[in-house]
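Please look over the model below before reading on.

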Amino acid sequence: MSAATSPRVLGHENYLNVSYGVKSWLLTTDHKRIGLLYLASITLYFFLGGAFAVLIRLHLLTPEGALVQAETYNKFFTMHGIIMVFFFLIPSIPAVLGNFLIPLMIGARDLAFPRLNLASWYIFNLGALFTLYAVASGGVDTGWTFYTPYSSLYSNSHVVAAALGIFIAGFSSILTGLNFIVTIHTMRAPGMTWFRLPIFVWAHYATSIIFVLGTPVLAITLGLVALERVFHIGIFNPALGGDPLLFQHLFWFYSHPAVYIMVLPAMGVTTELIATFSRKSLFGYHFVAAASLGIAVIGFLVWGHHMFVAGQSIYAAMVFSILSYLVAIPSAVKVFNWTATLYKGSVSYQTPMLYGMGFIGLFVIGGLTGLFLAALGVDVHVHDTYFVVAHFHYIMVGGAVMGYLGGLHYWWPKISGRLYPEGWAKLAALILFVGFNLTFFPQFILGYLGMPRRYHAYPAEFQVLNVMSSAGASILGVGYLLPMVYLIWSMRYGPIAGPNPWPATGLEWQTPSPPPPENFARTPVVTWEAYDFASRKDLRLAGAGLERLPAEPQD
Amino acid sequence: MQGGLPLFPERASSIAGRVDALFFFLLGVALFFSLIITVMIVYFAVKYRRRAPDQIGALITGSTNLETAWMVIPLILAMVMFGWGASLFVSIKTPPRDALEVYVVGKQWMWKLQHPEGQKEINELHVPVGREIKLTLTSEDVIHDFFVPAFRIKTDVLPGRYSTLWFKATRPGQYHLFCAQYCGTNHAIMGGWVTVMEPAEFQTWLSGGPAEGSLASAGEKLFHALACATCHRSDSQGRGPKLDGLYGSMVRLGNGQSVLADEGYIRQSILNPKAKIVAGYQSLMPTFQGLVTEEQVLQLIAYIKSLSLPRPSPGAAPPAPGRTPSQGQATKRP
Amino acid sequence: MPEGRSALVEHFRDLEQQREASSLGMWIFLVTEIMFFGGLFLAYTVGRSGYPAAFGEASRHLDVALGGINTGVLIVSSLTMALAVWASQTGKRKMLLGYLGLTLLLGLTFLTLKGVEYADKFHHHLVPGSAFSFPGAAARPAELFFSLYFAMTGLHALHMVIGVGVLAFLFRQARRGRYTAQYYTPVEMSGLYWHFVDIIWIFLFPLLYLIDRHR
């Protein structure tokens, strides 16, 4: 490691080489190192969750489900869901890229509470430990949604350990959100007004609102399930006077906004990618910023759309349906603004841009299928079928994971000081795109045909589509392994990147790659608008009129 | 059973066509917008590709008119989708009067179905074609879901309360029945078949059942065996309210509220009698929780419902006042 | 650390920014606490509207006297905490120590009385679980009431314990002269936390102890 990052090689002291040794990493309060600590953790959990996905798709190759027993399969999809949702998707972009970039993007030296940031990483892994204990000691089989009374009374699996694991990890989320909000409010550099902030920052601000308001409700809900299991109280058990629907309301009050936690940061990344690789100002900046907040707010009002057939009243269902349509509007606004940004841009096709465009395409499909689910009359048919599974995977994998990978590639030069190999990266992006669609598009068809979710066995007529889906999954797996390999390779052998290889307009690119521990030698003073390529003579790009600028001496 | 590659489910209920119509509208809108966005992105990305290494894009920051347009048009479309879906939903959730009733109890991992005439089925439901059927469902343990893809209907089935589902089958045949709410180990094999038959065939099937008698008569036997008749006398002298004409009427409670005496009310009165006390009566009734199964509760309800049917004798007393949720085809008199 | 030395942490521009950040951070944290307790309040509301009579009956088994005394104890402790904050703002070290100590004592008093109440419930078989026993037919909803009682007051007591720990820490720091008129942020922030925990109790007390007392 030292050979790759030493001052001799990279030319300056940076956050990677300022100190070496395990202790300097495990006790760091540098937001950049903490971002990398998170990167290591969530990569591990991603592959663990992915392993369960592989097992699921293998098992579903045959209708009788002959790979494992029913109970084991039920544990597979539960663990896949819990690990992917709580230990990969929710932290991913905020904890890795948000932590690394937000202080850099606003011109600060660190987040507001660096020690809380480190504590957050430890709490996260403590939660993971409880969950891994549940996995290792036999698993959980309730589904990641823990519906009562199955989870609180009937399941014979390690529900309490898993619930505790998620409970603990939730505090990690809350601390991250709190840190981001305070940082963005109080630590912006002089001249960095709210409306000069990159949309990445707006997106994380909106996400943090959800972290802070939603996560505590999940915590108390899972806490009550654990109490119910241990002390046999009856809050969710009708036989003891309780109400299973109360659990669903409490659970979804968090878990719906949670999906916006997963997608808003990816939208923030996409905005950066589209603007940078069109070398053009984001179209409709104010509208995109407002849309981020709008999604976060309205997102808190739609949870009942998971319960249209659960037993709530027709009137409640109608209210949730209409609000669910409303929440689609700000997302549509963003998509249109990204598209308009490309108009008369100067578009290049480096890997991050491929991920950005891939995000838009797949998010559009995923989001539009949400309209099917919001339609009460159609949801009755497709609820709890593979249609829903396809819908959320389009957004979470096609959307959020692509956003994550796109961001990882885009900021890789800043994080590591090196360039990843462009050819391999493009190949991986293409493989992922193809594998993803092959895996999940057939599931829309399966769902409308009527194949329910969470089935370890299924009628024979569904086999062809299942085999197609599993075939796609194998391609998807290859696509994920490739970046693991070449990104690590590039840390040692990749060409040295300069401070601003693309170039892009954000403050994070105004400091060396990798950044020094204190981020900026002098606190920057911001005098330009976001994405204002035309005014940024320092980027040494031609003006809009294609006139070449005279060569300027090095600073 | 189909092999090969099915791409679209068959339609076998009166509502399926309407559901598919909305589905195709949504599909059309989705395809339209996906195509437009994809085409525009690809077109712009190619037409405006970078020609020189230091070229930047044009100086355009936005357009309020465009923003307004692409907020308003999707909003209108969304409201159309909402309205259509909501009206369809009301139809799906509103059982018609005069539907044939079937009672369903779900448990890990089977469906127990009961026709009022006495026929019992496990994991199978036989119904006549062209007739409205209303299901009343409950669970003995965890939450299940009764799903018939060919009919485009489903409802969660909860412990401690009743759900209803209705349909009118339009084609004879056999259609998958699935459990669609994860309920434990054998969730995936807790299914069966709905068999739709011609009316004459159905009558034959119905009368071929065991001679145990109708649901209501079983309920009547239970009513006496559990000594309900001690307090619930037909002459209004009892310590409990008279049950003749109760089902479907509005009941005035001691706290001033009025409630409809439907299946859920009767079930609650048996299992949690303190919850609602009828005006003018004391809270004396003991609970039968743990003393009767869900199926026995359904038998009692069937019996009590039969007490609200108009008697066929001449100069008959008028039926009970208030709404009468669909009356069953009970052929036996109470 | 000698009095008056700057407590400015490295990554902040100045003390003003640091104080602003601490304050906003604490307020946001309190909002998360509202959401945390909120779930329990919702469960209580659902239970109460489902079983009003049973909840009322169960509530009458709570000791209003002890609960009332505890309410008074907490309210007074909020006063002493506010005075402690004022003392720190004006640099009066002895007064700060005095009021911190008083608040700490009052907090411990609250926890002791709570412990007495819990022990009493245990002896009367009112703790939910296999040993629970409640006279009359309303046993099941009564057990629900007591589950919520223990969950809500238990969570509150946990927050009190943390608060007492924080006060002990503040006391130690104050004795070493860490807080001056220029830098008293930790005292102020802890004050916010303490007031919040007090306000939670002010909602808990009527909802749990005072319903149906008018009968």
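In this predicted model, B:L137 has B:S163 of β8(B) as its bridge partner. The strands concerned, β5(B) and β8 (residues 163-168) of chain B, pair in the antiparallel sense over 6 bridges; two strands count as paired if DSSP finds at least two bridges between them. Helices (H or I, at least four residues) and strands (E, at least two) are DSSP runs, numbered from the N terminus.

- Residues are numbered from 1 along each chain as its sequence is written, while chains are lettered from A and ligands numbered from 1 in the order in which they are written.
- Local features need pLDDT of at least 70, side-chain atom pairs count only at pLDDT 80 or more, and totals for chains, interfaces and linings use all residues; side-chain values use heavy atoms, with hydrogens and water left out.

Strand β5 of chain B:
- Strand β5 (residues 132-139) of chain B is largely enclosed by the rest of the structure, because 7 of its 8 residues are buried (buried: under 20% relative accessible area; exposed: over 50%; partly exposed: in between; 1.4 Å probe, protein chains only).
- β5(B) also pairs with strand β1 (residues 100-107) of chain B, in the parallel sense and over 7 bridges.
- Within that topic, B:Y103 has B:T136 of β5(B) as its bridge partner.

The five-stranded sheet:
- An open sheet of 5 strands in chain B has the order β4-β10-β9-β6-β7, with mixed pairing.
- β4 (124-128) and β7 (153-157) of chain B stand at the edges with a single partner strand each, so one side of each has no neighbour in the sheet.
- Neighbouring strands of this sheet are turned by 20° against each other on average, direction ignored (axes are lines fitted to C-alpha atoms, for helices over the stretch in contact, and angles run from 0 to 180 degrees between N-to-C directions).
- Helix α3 (residues 199-207) of chain B packs on the sheet and touches β4 and β10 of chain B (contact: heavy atoms within 4.5 Å); the direction of α3 makes about 130° with that of β4(B).

Strand β9 of chain B:
- In strand β9 (residues 173-179) of chain B, 5 of the 7 residues are buried.
- β9(B) pairs with strand β10 (residues 192-197) of chain B in the antiparallel sense over 5 bridges.
- In β10(B), B:W193 is the bridge partner of B:H176, and B:T195 that of B:Q174.
- Strand β6 (residues 144-148) of chain B is joined to β9(B) by 2 bridges and runs antiparallel to it; B:F147 has B:F178 as its bridge partner.

Cysteines:
- Over all chains, the structure holds 0 disulfides (a disulfide is a pair of cysteine sulfur atoms within 2.5 Å).
- B:C183 is in no disulfide, and the nearest cysteine sulfur, that of B:C179, is 3.9 Å away.
- B:C183 counts as buried because its relative accessibility is 0%.
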